[in-house]
Amino acid sequence: MAPSSVVVTIEKPNNLSVVQINAATAGDDSPLLPADKQKAASPKQFTFSILLKIYRAFSCISWLAVGSNSLFKSIKKRVSQSEASADEVEEQDMEPRSRGKLYNFIKAFLAISIGALVVEVVAHYKKWNLNLVQPPWEVQGLVQWSYMAWLSFRLDYIAPTVMMLSQFCIVLFLIQSLDRLVLCLGCFWIKFKKLKPQINGDDYDVEDPSSFPMVLVQIPMCNEREVYATSIGAACQLDWPRDRLLIQVLDDSDDPNLQLMINEEVHSWRQKGINIIYRHRLIRTGYKAGNLKSAMGCDYVQDYEFVAILDADFQPNPDFLKLTIPHFKGKPEVGLVQARWSFVNKDENLLSRLQNVNLCFHFEVEQQVNGMFLNFFGFNGTAGVWRIKALEDSGGWLERTTVEDMDIAVRAHLNGWKFVYLNDVKVLCELPESYEAYKKQQHRWHSGPMQLFRLCLPAILKSKISMWKKANLIFLFFLLRKLILPFYSFTLFCIILPLTMFIPEAELPLWVICYVPIFMSFLNILPSPKSFPFLVPYLLFENTMSVTKFNAMVSGLFQLGSSYEWVVTKKTGRSSESDLLALAERESKLAPAAAGEEKATMLRRHSESGLELLSKLKEVEAEVAGAPKKKKNRLYKKELGLAFLLLTAAARSLLSAHGVHFYFLLFQGLSFLVVGLDLIGEQVS
């Protein structure tokens with residue numbers, strides 16, 4: 001060893017604890033540091049640390065006070081404004097008993113949960129053994145004896161039943177998650193291989209209009225006051241030879257003034273050379289299906305080969321027909337070409353953003369994968385072109401369900417017709433901006449498929465399609481995606497999960513309530529990457545909507561009264577207003593220009609009467625309606641009941657320090673509370 005070197009020996013102390021380290025850093029006496037090396041805290045530092053802690057405490061208290069105050073004010077406002085109008089009272093009186101049964105079940109479950117929470121709080125502070133039943137001689141008092149008897153009964157009888165039900169729901173949850181994963185892998189494969197539907201043959205000869213097939217465009221509407229002008233204008237600007245195109249405006253409105261305005265709008269376009277007619281039914285039977293069936297019964301329909309269906313709020317680009325109809329060319333087996341929806345108000349509020357996530361996954365993944373690999377998917381009811389022969393071979397439009405679009409698609413599939421989905425062709429439309437409108441829409445979308453499943457099951461079993469297609473229709477298309485999904489999401493996350501907080505023997509594993517749902521939400525949000533900040537709200541909102549979907553599924557499956565309800569989704573007409581403003585700006589800029597330069601734009605409307613029609617509409621509304629009717633936000637009892645149920649379960653999980661279970665129940669309960677108070681979506685006064 002060199003003489004100038006110094007040997008340093010470091011001994012590792014044994015049994016070093018975190019408490020000792022913290023004590024040393026805090027300035028307390030510690031064996032880690034010699035007494036002369038310890039530095040005492042100065043009075044100024046001590047005072048500053050105390051003041052900092054006091055400041056943090058007051059900040060937290062003030063934040064909680066402000067948040068609680070605003071929440072209670074919102075609750076008070078909603079409760080004070082929840083008196084139903086005469087129409088709402090009449091609607092509630094006509095409400096089917098089936099909905100009341102679910103609400104009564106939630107109320108009873110909530111009452112039992114609150115009682116159980118009180119007992120658990122008493123047991124917690126009395127320090128009774130929550131896990132081990134004590135011998136009878138150690139039990140003091142009748143209350144403790146009753147609690148111990150409940151623990152024994154719960155362990156022997158209730159816990160096994162709850163565990164069996166939870167395991168059944170978990171299996172369904174995993175099967176449905178696997179289905180979603182397979183769909184996503186199919187979508188990735190389509191993107192990787194750049195697979196797209198191909199067009200056979202050459203394009204139609206522009207110089208020879210007779211080479212274009214005869215196309216019928218149908219616009220069914222009912223009391224669509226806000227959007228009728230935009231939809232008619234969009235259809236009239238479709239780029240197709242005028243003598244090969246006929247537009248039917250199928251009006252089921254019951255307002256005479258609105259009928260007059262729609263008829264005038266049609267007349268104004270007819271004067272410009274557009275082949276368009278107005279049809280109005282005196283008796284509105286069969287809703288949309290009856291409207292379409294009546295229109296297809298006209299004698300002149302037999303001269304047309306294809307029919308394009310556009311709902312009243314849909315605004316196709318001028319090249320819509322030129323992008324869709326060529327896919328029928330050289331493919332006599334193709335009966336439907338479906339385009340994708342695009343939403344003009346997807347960023348309007350939180351509700352529209354969450355709907356956009358759901359529908360982007362539906363079109364980007366479900367429809368595209370099923371169309372590419374199975375040549376079958378559910379018709380979306382609009383933004384699609386049908387071969388009229390396929391409609392006739394499948395029996396035409398039937399009025400037996402509220403999902404006439406899915407009905408005709410299933411029957412056409414059973415008759416061997418193939419479908420083509422075009423993910424690149426997008427049609428603008430509107431999303432419901434209020435929770436009330438969205439809830440009614442979802443009830444119809446989830447009750448109709450179950451009603452249709454009961455009606456179509458014998459036809460599916462007797463059809464001549466392959467066994468694989470039969471299995472896909474029954475188990476994947478209907479049971480898994482229409483029945484199992486709302487069943488397990490409501491039962492598992494809204495009933496079993498809060499129940500297991502009071503029955504800890506049947507507690508759900510962490511991966512069921514956290515890891516797998518977050519991963520599946522991540523997959524659902526991939527088609528709309530701009531919505532990644534809304535991953536957690538999307539997960540909570542989907543669980544919140546499960547009560548509506550479950551109720552609708554049960555009503556459709558057992559043919560209860562609410563499954564036959566058809567409520568037209570309320571439109572705001574935002575796209576119409578913005579289009580008219582854009583029209584005014586464009587007309588002011590192009591006034592000095594030559595009148596011959598006419599372009600087809602996203603407005604799809606070159607009527608100089610657009611602004612006049614809007615002002616006229618407002619004048620008629622003022623004359624007929626008189627004083628405007630004040631709209632009020634509503635309270636949703638089932639959502640509020642589940643909110644208090646989940647918050648009660650969260651309080652119980654806090655006693656047991658469940659961690660993730662507590663946070664999930666807390667935020668899910670708050671999500672139900674926000675929806676139940678109608679604080680999501682469009683706010684009305």
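Hi everyone, let's begin with a charge over a ring: the charged end of Lys482 sits over Phe477, 4.4 Å from the ring centre. The criterion is NZ of Lys or CZ of Arg within 6 Å of the ring centre and within 35 degrees of the ring normal. Lys272 lies over the face of Trp269 too, at 4.6 Å from the ring centre.

A word on the source: this is a predicted model, where local features need pLDDT of at least 70, side-chain atom pairs count only at pLDDT 80 or more, and totals for chains, interfaces and linings use all residues. Residues are numbered from 1 along each chain as its sequence is written, and side-chain values use heavy atoms, with hydrogens and water left out.

Now, ring pairs. Rings of Phe, Tyr and Trp (its six-membered ring) pair if their centres lie within 6.5 Å; planes under 30 degrees apart are stacked, over 60 edge-to-face, and the rest tilted. The structure holds 27 aromatic pairs. One of them joins Trp189 and Phe192, tilted, with 6.2 Å centre to centre and 40 degrees between the planes.

How far apart are the ring centres of Phe377 and Tyr421? They are 6.0 Å apart with planes at 80 degrees, so this pair is edge-to-face. Phe377 and Tyr421 are 44 residues apart and link distant parts of the chain. Both Phe377 and Tyr421 are buried, where buried means under 20% relative accessible area, exposed over 50%, and partly exposed in between (1.4 Å probe, protein chains only).

And back to our opening ring: Phe477 belongs to a cluster linked by ring pairs, whose members include Phe377, Tyr421 and Trp386. Thanks, all!

Methods. Helices (H or I, at least four residues) and strands (E, at least two) are DSSP runs, numbered from the N terminus.
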